[in-house]
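Here are some exercises to work through with the model open. Try each task before you read its solution.

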Amino acid sequence: MDSTTHATGPARARRPIGRPVRRLAALAAAMTVVSALATGLLWVRMSRTGEASFSFLTWNLFLAWVPFVLAVAMGLLHARGGSRWALLGLGVGWLLFLPNAPYILTDLIHLGAIPGAPLWFDATLIGAFAVAGLALGIASLLVVHHVVQERLGVAAGWAVAVSSLVLSALGVYLGRFPRFNSWDVLTNLDGLVGVVLKRLGDPLGNPFLIQFGVAMSAALIGSYAAAWWVGGRRLDLRPVTA
């Protein structure tokens, strides 16, 4: 009698962690499949042409995985009732790398610039990587959104989601045109801050920045809203309660 009680008690206490772990694992599995399909298309192109012309897409996809991994870490920590400071640290890292996910959308500028394969195949190839990157970004934001919402409330969750997407649009601009990257926060902070202050200090003097920022923000927010209402809102990462 006692042995049965001792055996089942801890199991019941740990059981609530199973649901968030399973859901995060399902997200990771889906992202792995999408990434594998994109990488497979690249392998086909490289094997047929004997050239690694589009190999930069694999690096960009790797960078898109970074915010997803950090978001999953946040989700697991939250599910175990981790501290806000630890979550904040992971969140800062996540936000710094988040623009790398939608950045792959801008790799479509390379379409038609690299010979060796039919245009339709290269469009499919780049599109597959772009979809994989966008999916990783949206999936990571879904996790962070739920963590913030379950900790601070619905309004805070949406505030973080929308502001993160707008900042990501700005990050994509900084990565594609002034050619900054996430590492510059550590290695070239003065240069990065200088460009940001210059561009934002006179936004009307750079109409393309406004046009790009509005268009990219609208695309990201629209994509995220669709993902949220299709099923993302049902993600449950509530902490374990003993």
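Predicted model: local features only at pLDDT ≥ 70, side-chain atom pairs only at ≥ 80, totals over all residues.

**Exercise 1.** Which residues make the nonpolar surface patch of about 450 Å²?

Residues are numbered from 1 along each chain as its sequence is written, and side-chain values use heavy atoms, leaving out hydrogens and water.

*Solution.* Start with the rule: patch residues have over 30% relative accessible area and no salt bridge, and nonpolar side chains (Val, Leu, Ile, Met, Phe, Trp, Tyr) are joined within 5 Å. Areas come from the Shrake-Rupley method with a 1.4 Å probe. That picks out Trp85, Leu88, Val92 and Leu96. Now check one of them: Val92 sits in helix α4 (a DSSP run of H or I, at least four residues). Val92 has a relative accessible area of 46%, so it's partly exposed (buried is under 20%, exposed over 50%, partly exposed in between).

**Exercise 2.** Find the salt bridges, meaning a side-chain nitrogen of Lys or Arg within 4 Å of a carboxyl oxygen of Asp or Glu.

- Step one: Arg45 pairs with Asp122 at 2.7 Å, N to O. Arg45 is in helix α2 and Asp122 in helix α6, 77 residues apart. Arg45 is buried, at 2% relative accessibility, and Asp122 is buried at 2%.
- Step two: Asp107 pairs with Arg176, with the closest N and O atoms 2.7 Å apart. Asp107 lies in the loop between α5 and α6 and Arg176 in helix α7, so the bridge ties together parts 69 residues apart in sequence. Both Asp107 and Arg176 are buried.

Notes. Patch = residues over 30% accessible without salt bridge, like charges linked within 9 Å, V, L, I, M, F, W, Y side chains within 5 Å. Helix = DSSP H or I, 4+ residues; strand = E, 2+ residues; numbered from the N terminus. Buried < 20%, exposed > 50% of the residue type's maximum accessible area, 1.4 Å probe, protein only.
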